[in-house]
Amino acid sequence: MSTLYQHFSRKMQQLAPNGRLFVAFSGGLDSTVLLALCARLAREQGRQLVALHVHHGLQAAADAWPEHCGAVAGALGVPCRIIRVRVAGGPRISLEAAAREARYRALAAELRPGDALLTGHHQDDQAETLLLALKRGAGVAGLAAMPATRALGAGRQVRPLLGLSRRVLERFAREQGLRWVEDPSNADTRFDRNFLRNEILPRLLAQWPSFNETASRSAELCAEQLALADELAGQDVPALLNAADGISISGLQALAPARRHNALRHWLQRHDIHCSRAQLTAVWQELALARADATPLLRLGSKEIRRYQGCLYVPEQDGQPRPLANLAAGDWLELGVGRLRLYHAGAAQLSGRLDPAGLHIAFGVPGLRARPVGRAGSRPLKKLWQEYAVPPWQRERVPLLMEGERLVAAVGLFVVAEYAAPPGQSGWCLAWQPG
């Protein structure tokens, strides 16, 4: 036990934050070994530890597992919390994927900043994940397989056993007299992962006994390449964005093709769009390179991608604009499409003569004109939207700070000159956090 425990302790020191510890405890071999190791660590370090068992209710055999998990955790001196979830099915929904999503959503909800959720993934799981990524034709992100740690909810998920084989874990469990359950669904080779685990990997290991180790090493190398690609995109993308988070097509064209693909993929992922190579090509060919007078639109899942004035956009679809009849200075105000705060400060944006009680927030007011600070003359708001490159679908979501029927500021874009504070003088400031 000492050698395995020493490995576990080193990994925990490297990977886990110092907050509360949770173990995702299914009752199977992997999580049982993990809980036993973590129980010793928690005792030695005086750390708070809780086992979390997620009950899906998808098969009759699973009904006995909560009681088993509670008994095993209790014998180790660890409290066990049972979380019951509903799994949404459907004709085009993978039950396996839906159960995993429901499980992680429930586990993430338990975490606070500084907490760590430990999961029992091991080297064999990593090899299966890599083979599944190859089967899908995944790029470097998929081939990087499972990271040792990642953000999850307000905390982090940690996989301290990722470098160990299942054989090592099983030997430890038998030596320690641990009890675990076997999920009968693991024998169902209709599921891709079970097919690999039961039919393919045993044959690969019979021919090449170190296959899982070398596969894990390949995943680590891909993870390094992914980190470099993310770092490069972090340098490229900010310079290509405008104030509305549109990405410049001409700026992308100036990059080498591989670098352009990387930047475009990174920008799409920021909008929660994870696309295949074919979909990425469609974004470039059908949107970015469409004829100049076209107004192209491409839908990927529930998201839309559009082009406007030489930039690509992913229109916000969440939240509805929420007008406010009056403002309370100093408080964060929810506007449905973001949060606004009006506060008093030196070197202000808005004149101190404004009375917050006389201000309100509106959306989509027709017929307005304004002269933004730094502009020579007044223009219709419709023209200003074009000059500030605000796409048509975004205009109804821009909060308008109004005094009566007069525009004071288009929040996040400009302040009207007659309401601006003189340089260096105190007055009102606007803080804006888009939703």
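Modeller: What follows starts with the helix contact and then turns to the salt bridges. Keep in mind that this is a predicted model.

Start with helix H5, residues 123-136, and helix H8, residues 192-207. Their axes come within 10 Å. They cross at roughly 105°. Angles of 65 to 115 degrees count as roughly perpendicular, so H5 is roughly perpendicular to H8.

Which residues make the contact? H5 supplies Asp124, Asp125, Ala127, Glu128, Thr129, Leu131, Leu132 and Lys135. H8 supplies Asp192, Arg193, Leu196, Arg197, Leu201 and Leu204. Sorted by class, the contact of H5 with H8 holds seven charged residues, six nonpolar ones and one polar one.

Some of those charged residues are tied together. Asp125, Glu128, Arg193 and Arg197 are linked in a network of salt bridges. Asp125 and Glu128 belong to the H5 side of the contact, while Arg193 and Arg197 belong to the H8 side.

Now the wider count. How many salt bridges does a search of the whole structure find? The search gives 20. Three pairs are worth a look in turn.

Take Glu170 and Arg174. They form a salt bridge, with the closest N and O atoms 2.8 Å apart. Both sit in helix H7, residues 166-175. Because they are four residues apart there, about one helical turn separates them. Glu170 is partly exposed, at a relative accessible area of 25%. Arg174 counts as exposed, at 55% relative accessibility.

Next, Glu304 and Arg299. Their side chains meet in a salt bridge at 3.2 Å, N to O. Is Glu304 buried or exposed? Glu304 has a relative accessible area of 14%, so it is buried. Arg299 is at 56% relative accessibility and therefore counts as exposed.

Last, Arg379 and Glu387. Here too the side chains meet in a salt bridge, at 2.9 Å from N to O. Arg379 has 26% relative accessibility, so it counts as partly exposed. Glu387 has 38% and also counts as partly exposed.

To recap the part you asked about: H5 and H8 cross at roughly 105°. Their contact has six nonpolar and seven charged residues, plus one polar residue. Four residues, Asp125, Glu128, Arg193 and Arg197, are linked there by a salt-bridge network.

Note on methods. Residues numbered from 1 in each chain as written. Predicted model: local features only at pLDDT ≥ 70, side-chain atom pairs only at ≥ 80, totals over all residues. Heavy atoms only, no water. Axes fitted to C-alpha atoms, helices over the stretch in contact; angles between N-to-C directions. Helix = DSSP H or I, 4+ residues; strand = E, 2+ residues; numbered from the N terminus. Parallel < 35°, antiparallel > 145°, perpendicular 65-115°, else oblique. Contact = heavy atoms within 4.5 Å. Nonpolar A, V, L, I, M, F, W, Y, C, P; charged D, E, K, R; others polar. Buried < 20%, exposed > 50% of the residue type's maximum accessible area, 1.4 Å probe, protein only.
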